[in-house]
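Come along and check each entry against the picture.

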Amino acid sequence: MSQTHPFKPIFDKNSKILILGSFPSVVSRKFGFYYANPQNRFWRVLAGILNAPVPETMDKKIKFLLANKIAIYDAAISCEIKGSSDAKMTAVVPANLEPIFSGARIAQVFANGGKAYEICKKYLEDEILKATKNVVIKLPSTSSANAKFSLHRLANEWSVIAEALK
């Protein structure tokens, strides 16, 4: 079933890094916000590497991201998808990142997982390189489907974000 991305990117003029997921899960689409599935470790990983409490509400999550100069969005603006599995994504239409790049000072883009990275490499690489002068960095997915990565191992891999923010 064809799905269109249901929410806007989160960023402001001070955003320094951009984290791109692939496409919102069924749970995230239902709740209308990024990484809304409590099984997804995105918020726990980010809070852990930034030594902050895990933000619980949508407003607190937005404030947390902006306070830490982090922008988030997804690499696909629409796709055919059954359920939430990235492996089931087809007919991908890449997101337009220009509003983020023109409205913020993004120096580095990180892909949350293999599918986000694949979309970035296939459709968005030139735009990302032109805007940041850096290639997109692939990070392991925070999805609970990525069971081979413990929370601790994810935090180790994702700590490059904390370094990029210094």
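Is helix H2 mostly covered or mostly exposed, and how many of its 8 residues are buried? I looked this up first, keeping in mind that the model is predicted. H2 turned out to be mostly covered, with 6 of its 8 residues buried. I wrote down the buried ones: Phe 42, Trp 43, Val 45, Leu 46, Ala 47 and Ile 49.

**Entry: the whole chain**

I found 6 helices and 7 strands in the protein chain, and along the sequence they follow the pattern β-β-α-α-α-β-β-β-α-β-α-β-α. The radius of gyration is 14 Å, close to the 15 Å that the globule rule gives for 166 residues, so the chain is as compact as a globular protein of that length. The C-alpha atoms fill a box of roughly 40 × 35 × 30 Å along the principal axes. I also noted that 45% of the 166 residues are buried. Among contacts with a separation of 6 or more, 70% join residues 24 or more positions apart.

**Entry: the neighbours of H2**

What do the buried residues of H2 pack against? I listed strands E2 (17-21), E3 (70-74) and E6 (108-112), together with helices H3 and H6 (151-164).

**Entry: H2 with H3**

I took H3 (residues 58-67) next. Its axis lies 12 Å from that of H2 (residues 42-49), and the two helices pack at an angle of about 40°. Roughly parallel would need an angle under 35 degrees, so H2 and H3 count as oblique to each other. The crossing is left-handed. On the H2 side I found Trp 43, Leu 46 and Ala 47, which meet Lys 61, Phe 64 and Leu 65 of H3. These contact residues divide into 5 nonpolar, no polar and 1 charged.

**Entry: H2 with H6**

Then I turned to H6. Here the axes are 9 Å apart and the angle is about 60°. Roughly perpendicular starts at 65 degrees, so this pair is oblique too. H2 passes H6 in a right-handed crossing. From H2, the contact uses Phe 42, Arg 44, Val 45, Leu 46 and Ile 49.

Technical notes: Residues are numbered from 1 along each chain as its sequence is written. This is a predicted model: local features need pLDDT of at least 70, side-chain atom pairs count only at pLDDT 80 or more; totals for chains, interfaces and linings use all residues. Side-chain values use heavy atoms; hydrogens and water are left out. Axes are lines fitted to C-alpha atoms, for helices over the stretch in contact, and angles run from 0 to 180 degrees between N-to-C directions. Helices (H or I, at least four residues) and strands (E, at least two) are DSSP runs, numbered from the N terminus. Angles under 35 degrees count as roughly parallel, over 145 as roughly antiparallel, 65 to 115 as roughly perpendicular and the rest as oblique. A crossing is left-handed if the near helix is turned anticlockwise from the far one by less than a right angle, and right-handed if clockwise. Contact means heavy atoms within 4.5 Å. Ala, Val, Leu, Ile, Met, Phe, Trp, Tyr, Cys and Pro count as nonpolar, Asp, Glu, Lys and Arg as charged, and the others, Gly among them, as polar. The radius of gyration is taken over C-alpha atoms; the globule rule is 2.2 Å times the number of residues to the power 0.38. Buried means under 20% relative accessible area, exposed over 50%, partly exposed in between (1.4 Å probe, protein chains only).
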